[in-house]
Amino acid sequence: QVQLVESGGGLVQAGGSLKLSCVASGRIFSINYMAWFRQAPGKQRELVATITSGGSTNYADSVKGRFTLSRDNAKNTLYLQMNSLEPEDTAVYYCNVDWSDGALRYVTWGQGIQVTVSS
């Protein structure tokens, strides 16, 4: 079993910054990709950004140029640096990891962390 622990959320004013972290622990043989999703009240969960094991990143158009995704493979940790935050970024952010135990492939979600941006 793999657990994801998210941290770094909170309340910030528009224009401010936050850095989210997601630590994956457990019987992980390898991690294929890691990602952040978010879900605002009354809206569907949406992809924010993904990063492959090789470090290739992909961002939603709404966050390009403001958010930066990175990972520490040795620590199985994912980071999301969020700058120039806007009220529209307010949501619960979820870490998502595609991993393998050496035999099978799994996808695990974190419990979610609140990010609130005030105007």
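Visitor: In which loop is Ser84 found?

Guide: Elements come from DSSP: strands are runs of E with at least two residues, helices runs of H or I with at least four, and both are numbered from the N terminus. Ser84 lies in the loop between strand 8 and strand 9 (91-100). The model is predicted, so local features need pLDDT of at least 70 and side-chain atom pairs pLDDT 80 or more, while totals for chains, interfaces and linings use all residues. Residues are numbered from 1 along each chain as its sequence is written, and side-chain values use heavy atoms, with hydrogens and water left out.

Visitor: What is the phi of Ser84?

Guide: Most residues other than glycine have a negative phi. Ser84 has a phi near 50 degrees, a positive value in a residue other than glycine. Asn76 also has a positive phi, near 50 degrees. Asn76 sits in the loop between strand 7 (67-72) and strand 8 (77-82).

Visitor: Is Ser84 buried, partly exposed or exposed?

Guide: The classes rest on relative accessible area: buried is under 20%, exposed is over 50%, and partly exposed is in between (1.4 Å probe, protein chains only). Ser84 has a value of 40%, so it is partly exposed. Asn76 is at 21% and therefore counts as partly exposed.

Visitor: How many salt bridges does a search of the whole structure find?

Guide: The criterion is a side-chain nitrogen of Lys or Arg within 4 Å of a carboxyl oxygen of Asp or Glu. The search finds 6 salt bridges. One of them joins the side chains of Glu86 and Arg66, with an N to O distance of 3.9 Å. This pair links distant parts of the chain, 20 residues apart: Glu86 is in the loop between strand 8 and strand 9, and Arg66 is in the loop between strand 6 (57-59) and strand 7.

Visitor: Which salt bridge do Arg66 and Asp89 form, N to O?

Guide: The side chains of Arg66 and Asp89 meet at 2.7 Å, N to O. That pair also links distant parts of the chain, 23 residues apart, with Asp89 in the loop between strand 8 and strand 9. Arg66 has a relative accessible area of 11%, so it is buried. Asp89, at 1%, is buried, whereas Glu86, at 34%, is partly exposed.

Visitor: Which residues are linked in a network of salt bridges?

Guide: The network links Arg38, Glu46, Arg66, Glu86 and Asp89. A further salt bridge, between the side chains of Asp98 and Arg105, has an N to O distance of 2.7 Å. Asp98 is buried, at 5%, and Arg105 is exposed, at 57%.

Visitor: What is Glu86 in contact with, leaving aside neighbours within four places in sequence?

Guide: Contact is counted for heavy atoms within 4.5 Å. With those neighbours left aside, Glu86 is in contact with Arg66 and Val117. As a distance example, Glu86 and Thr50 are 36 residues apart in sequence and 20 Å apart in space, C-alpha to C-alpha.

Visitor: Which residues touch the most other members of the largest nonpolar core?

Guide: Such a core is a set of buried Ala, Val, Leu, Ile, Met, Phe, Trp, Tyr and Cys residues joined through side-chain atoms within 4.5 Å. The largest has 31 residues, of which Trp36, Leu80, Met82 and Tyr93 touch the most other members. The elements giving two or more residues to this core include strand 1 (2-7), strand 3 (18-26), strand 4 (30-39), strand 5 (46-52) and strand 11 (113-118). Strand 9 gives the most, with 5 residues. Beyond four places in sequence, the residues that Tyr93 touches include Trp36, Leu80 and Met82, and also Glu6 and Arg38.

Visitor: What order has the open sheet of 4 strands?

Guide: Strands of a sheet pair through backbone hydrogen bonds, either parallel or antiparallel. Pairing is counted if DSSP finds at least two bridges between two strands. The open sheet here has the order 1-3-8-7, with antiparallel pairing. Strand 1 and strand 7 are its edge strands, and each pairs on one side only. The twist averages 15 degrees from one strand to the next; axes are lines fitted to C-alpha atoms (for helices, over the stretch in contact), and angles run from 0 to 180 degrees between N-to-C directions.

Visitor: How many bridges join strand 1 to strand 3?

Guide: There are 6 bridges between these antiparallel strands. Across the pair, Glu6 stands opposite Cys22 in strand 3.
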